[in-house]
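Here are my notes on this model, as numbered points.

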Amino acid sequence: MGSLLSGLEGRVRRGGLAVLATAAAVTASAVVPLIAVPAAALGQGRGGDHLTVVVRHAGAGRDGTYELFCHPAGGHHPDVRGACQKLDEQTQWGRDLFAPVPPGTICSMISGGPATARVTGTWAGRPVDASYDRNNGCEIDRWNRMVPLLPKIG
């Protein structure tokens, strides 16, 4: 595209306004198809944010695999709108919403039960692959910050 425009630029200097209009039309026709391609055609499917949540050992009515879409909201998660809202409220630029508890963190040694969860997908344009459990106070707190994306326990 750069060589096309540089060739036209020389003609604009020599040829006047008629060639300038042609250069503008060529540039616009080259850009418009790239902008007008729908997201689905680019292989992004539905678009927006998409997470798959797999919950195990959380108890009756809580275990399972759930799909969550946000922006726009959808999927078969038990609380689509609540989960999307909670994630939106906690999302901050430069901070990994799904980050594990940092190594060396001092945590209370209480058990919150055998529940585990794995969250995969895309959030805010970034890949997500996070695991959750309730093995100590820090992990329980991390889990609870994700309710209702993860089920409320206790």
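1. A disulfide here is a pair of cysteine sulfur atoms within 2.5 Å. The structure holds two. This is a predicted model: local features need pLDDT of at least 70, side-chain atom pairs count only at pLDDT 80 or more, and totals for chains, interfaces and linings use all residues. Residues are numbered from 1 along each chain as its sequence is written, and side-chain values use heavy atoms, with hydrogens and water left out.

2. Take Cys70 and Cys84. Their sulfur atoms sit 1.9 Å apart in a disulfide. This pair links distant parts of the chain: Cys70 is in strand S2 (residues 64-70) and Cys84 is in helix H3 (residues 80-90), 14 residues apart. Helices (H or I, at least four residues) and strands (E, at least two) are DSSP runs, numbered from the N terminus. The link of Cys70 and Cys84 is left-handed, with -90° about the S-S bond. Both cysteines, Cys70 and Cys84, are buried. Buried means under 20% relative accessible area, exposed over 50%, partly exposed in between (1.4 Å probe, protein chains only).

3. Next, Cys107 and Cys138. They form a disulfide with sulfur atoms 2.0 Å apart. Cys107 lies in the loop between H3 and strand S4 (116-123), and Cys138 in helix H4 (residues 137-144), so the pair ties together parts 31 residues apart in sequence. The torsion about the S-S bond is about -105°, so this disulfide of Cys107 and Cys138 is left-handed. Cys107 and Cys138 are buried. With the bonded cysteines numbered in sequence order, the pairing is 1-2, 3-4.

4. Is Gln90 buried or exposed? Gln90 is buried, at 14% relative accessible area. Its place is in helix H3. A polar atom of the Gln90 side chain lies 2.5 Å from the backbone oxygen of Arg145. Leaving aside neighbours within four places in sequence, Gln90 is in contact (heavy atoms within 4.5 Å) with Arg95, Leu97 and Arg145.

5. Which residues lie nearest the centre of the largest pocket? They are Gln92, Arg95, Trp123, Ala124 and Arg126, out of 13 lining residues. Strand S5 (residues 126-133) gives the most to this lining, with three residues. The lining of the largest pocket divides into seven nonpolar, three polar and three charged residues. Ala, Val, Leu, Ile, Met, Phe, Trp, Tyr, Cys and Pro count as nonpolar, Asp, Glu, Lys and Arg as charged, and the others, Gly among them, as polar. On a 1 Å grid over the protein atoms alone, a pocket is an open set of points where a 1.4 Å probe fits, with protein on both sides within 12 Å along at least five of seven lines; lining residues have an atom within 4 Å of a point.

Conventions:
A polar contact is a pair of N or O atoms within 3.5 Å; within protein, one must be able to donate a hydrogen and the other to accept it, and residues adjacent in sequence count only if both atoms are side-chain atoms.
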